[in-house]
Amino acid sequence: MTVRHRSPRWSRLLTAVVAVAGMVVVAGCANLPDSSQPQALGTINQEPTAVGPPPPTHGRDPDLLLRDFLQATADPADGHLAARQYMTPAASTQWNDEESNVIVERADTLRESRSENEATYVLRARKVGELAEDGSYHVVDGIIEHKIEMIRVDGEWRIDELPDGVVMEYTAFTQSYRRQALYFVTADGRHVAPDLRWISVRPDDLTRRLIDMLIAGPQPYIAPVVRNYLSPPAAVRGTITKANGDPVGVGVGLGGVRIDFSGIDELSPRDRELFAAQVVLTLSAADVLGPYILLADGRPFDERFAEGGWSITDLGPVADSVGPEIQVGLRALRDGTLVEVEPDGGPRPAPGYFGTVQNLQSVGLSPDGKRVAAVADAGREPPEPQRTLMMGSYGGDAFPVEEGGTITRPSWTADGSAAWAVVDGNRVIRAVTNGETGTVLPQGVDTTELFAGASGIPVQAPITELRISRNGVSAALIADGNVYLAMVVVRPDGTYALTSPRQIAIELPTTATALDWYSDDTIIIASSGTVDPVRTVKIDGSGMSSLGGRNLTPPVRQVTASIERQYVADSRAVLELTRTPEGGDPYWREVPGLGADAVPILPG
């Protein structure tokens with residue numbers, strides 16, 4: 001019997017589902033009515049939906065009406081009907097809401113002139129993002145200035161002239177839209193990678209929208225590194241329903257989902273599993289609860305799940321890649337030596353070479369903790385190379401692989417076959433281990449597109465940090481103090497390239513000093529500032545937030561993270577982000593015994 005380990009992220013979701021189901025049973029036993037009309041799970045106690053958006057407030061002053069209008073623009077329903085109510089009939093007819101969707105910080109509405117029946121305002125704001133037609137969010141920077149003319153119509157102020165396109169304040173945008181993850185399979189078929197989209201639909205329309213988006217495929221920047229098993233000729237047959245065939249309230253509460261697909265006759269059994277993984281993981285991440293009944297031309301997608309449907313636990317290792325569990329405990333670099341951090345005792349040197357030397361500058365552990373890549377001080381003066389990349393087994397010997405004036409902290413791939421690093425700020429290498437002989441060979445990575453910016457923003461050297469995502473499709477890096485994401489492309493000849501660079505975290509007030517992958521869609525960043533020095537940001541550049549600064553003493557020198565644990569090294573200690581069972585703001589708690597010069601190390 002094969003035992004499948006359930007990732008914490010999906011375990012928490014399944015636990016919540018069981019808890020909700022349990023509460024429904026208990027509540028039903030507590031007070032059973034004499035008679036009642038049967039209802040499908042997920043349709044109970046649904047409130048009736050409002051008919052149309054609320055109209056503008058009667059007698060509103062023009063400046064306040066304009067602010068109300070900015071809130072209404074975030075509702076895209078019916079061609080932005082909510083926003084059009086604030087316009088004159090002529091302006092509503094002429095306004096092209098499909099021109100663009102710009103997201104701004106809080107906008108200033110500056111009065112330029114006003115008479116009894118006419119008013120002119122200038123809307124000025126800093127742009128932070130743009131929303132594409134496919135729901136993808138793109139980071140932008142700059143200032144917009146729009147002139148808006150208003151007139152009185154039957155005693156009420158209305159907008160009479162305005163530029164085409166939608167302008168939304170970020171707070172209103174996040175209230176109307178929800179960030180969702182479409183999951184596509186990595187090129188090697190071992191993992192899935194998220195493609196983030198922003199969607200504003202009724203809850204019972206969300207399932208169909210997500211499936212349609214999967215069929216439409218990934219964004220262009222990620223398309224070269226993933227596979228889409230739902231691409232045409234795959235299509236949905238008929239109506240998506242609950243598991244019991246009820247078409248009402250699909251995806252709302254309990255009740256599951258039933259989807260019948262066509263055009264997938266040619267898929268092999270393994271391809272069907274990956275097809276199912278895309279559907280199940282995408283819907284699960286959007287809180288569309290299972291079971292997931294998947295059909296192919298009216299017949300069970302897979303006879304094993306014909307009755308009970310698919311669940312997260314049926315997907316095997318590909319689901320675990322969304323939230324992989326850390327296989328080894330905390331390690332640290334202390335006084336140039338790799339040490340093991342015992343939960344109930346002080347640090348002790350790691351076995352083997354890396355626990356005996358005292359010249360290590362940074363260390364990377366493979367995901368299983370069995371291999372080590374470390375940057376060592378070569379003890380030479382310039383112009384001789386001052387740093388050496390050493391590689392070896394944990395507890396064993398090590399040997400030199402590469403030299404340079406500077407070498408970044410090594411970053412391992414998920415399978416532990418290669419460690420990535422940047423030499424001299426601009427030369428990216430992969431130190432590849434031969435599985436049969438154990439020899440390690442450094443291979444250059446093509447960075448032409450990275451620095452030229454042929455398909456994105458050019459990266460400015462030096463690169464001071466590079467971290468490979470756990471699914472292997474992306475690289476997060478710091479270059480000239482800025483944060484970028486690039487795609488990891490494997491070419492037909494087996495060589496690697498970094499392509500499609502995109503700058504994120506542009507709101508950082510100070511330069512970035514360190515980063516790591518918090519999860520498959522989130523980066524954790526340390527910056528040089530004294531206010532909120534540790535933050536997270538999504539891979540599409542949205543949703544930057546602070547992890548708090550309680551107990552931190554800037555500057556923060558290093559950060560290492562996983563979904564379960566996050567550590568930093570500040571000016572006085574190594575600290576772990578701690579959350580109390582009662583809730584409340586998280587805080588940073590010192591890891592005892594490491595001292596001011598140590599840095600934390602987690603696999604990756």
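Started with the second largest cavity, which has a volume of about 80 Å³. Of its 14 lining residues, Pro194, Val473, Ser474, Asp520 and Ile539 are the closest to the centre. Terms, for my own record: on a 1 Å grid over the protein atoms alone, a cavity is a set of points where a 1.4 Å probe fits but cannot get out, and lining residues have an atom within 4 Å of a point. Grid points are joined across faces, edges and corners, and a volume is the space filled by probe spheres set on the points.

Before going further: this is a predicted model, where local features need pLDDT of at least 70 and side-chain atom pairs count only at pLDDT 80 or more, while totals for chains, interfaces and linings use all residues. Residues are numbered from 1 along each chain as its sequence is written, and side-chain values use heavy atoms, with hydrogens and water left out.

Back to the second largest cavity. Strand E8 (192–199) and strand E27 (482–490) each put at least two residues into its lining; helices (H or I, at least four residues) and strands (E, at least two) are DSSP runs, numbered from the N terminus. I sorted the lining by class and got 9 nonpolar, 3 polar and 2 charged residues. Here Ala, Val, Leu, Ile, Met, Phe, Trp, Tyr, Cys and Pro count as nonpolar, Asp, Glu, Lys and Arg as charged, and the others, Gly among them, as polar. Domain 2 (178–319) and domain 3 (331–601) each give at least three residues to this lining; the domain bounds come from an automatic or database domain assignment.

Next, the largest cavity, at about 90 Å³. The count is 3 cavities of 30 Å³ or more. Which elements supply at least two residues each to the lining of the largest one? Helix H2 (62–72), strand E4 (137–153) and strand E6 (166–169) do. The lining includes Phe69, Leu70, Trp95, His146 and Val167. It has 9 nonpolar and 3 polar residues, and no charged ones.

I then checked H2 itself. Phe69 and Leu70, both in the cavity lining, are among the buried residues of H2.

On to helix H3 (residues 77–84), where His80, Ala82, Ala83 and Arg84 are buried. The buried residues of H3 pack against H2, helix H4 (89–94), strand E1 (101–104) and E6.

H3 came up again at the largest pocket, where it gives the largest share of the lining, 6 residues. A pocket is an open set with protein on both sides within 12 Å along at least five of seven lines. This one holds about 1300 Å³ of space and has 46 lining residues, with Pro76, Ala77, Ser200, Val201 and Arg209 nearest its centre. By class I get 18 nonpolar, 14 polar and 14 charged. Domain 1 (62–176) and domain 2 (178–319) each contribute at least three residues.

Last entry: domain 1 against domain 3. Their centres, taken over C-alpha atoms, are 43 Å apart. Tyr137, Val139 and Tyr170 supply 74% of the area that domain 1 buries against domain 3, more than any other three residues.

Conventions
Buried < 20%, exposed > 50% of the residue type's maximum accessible area, 1.4 Å probe, protein only. Contact = heavy atoms within 4.5 Å. Buried area = accessible area lost by both parts, 1.4 Å probe.
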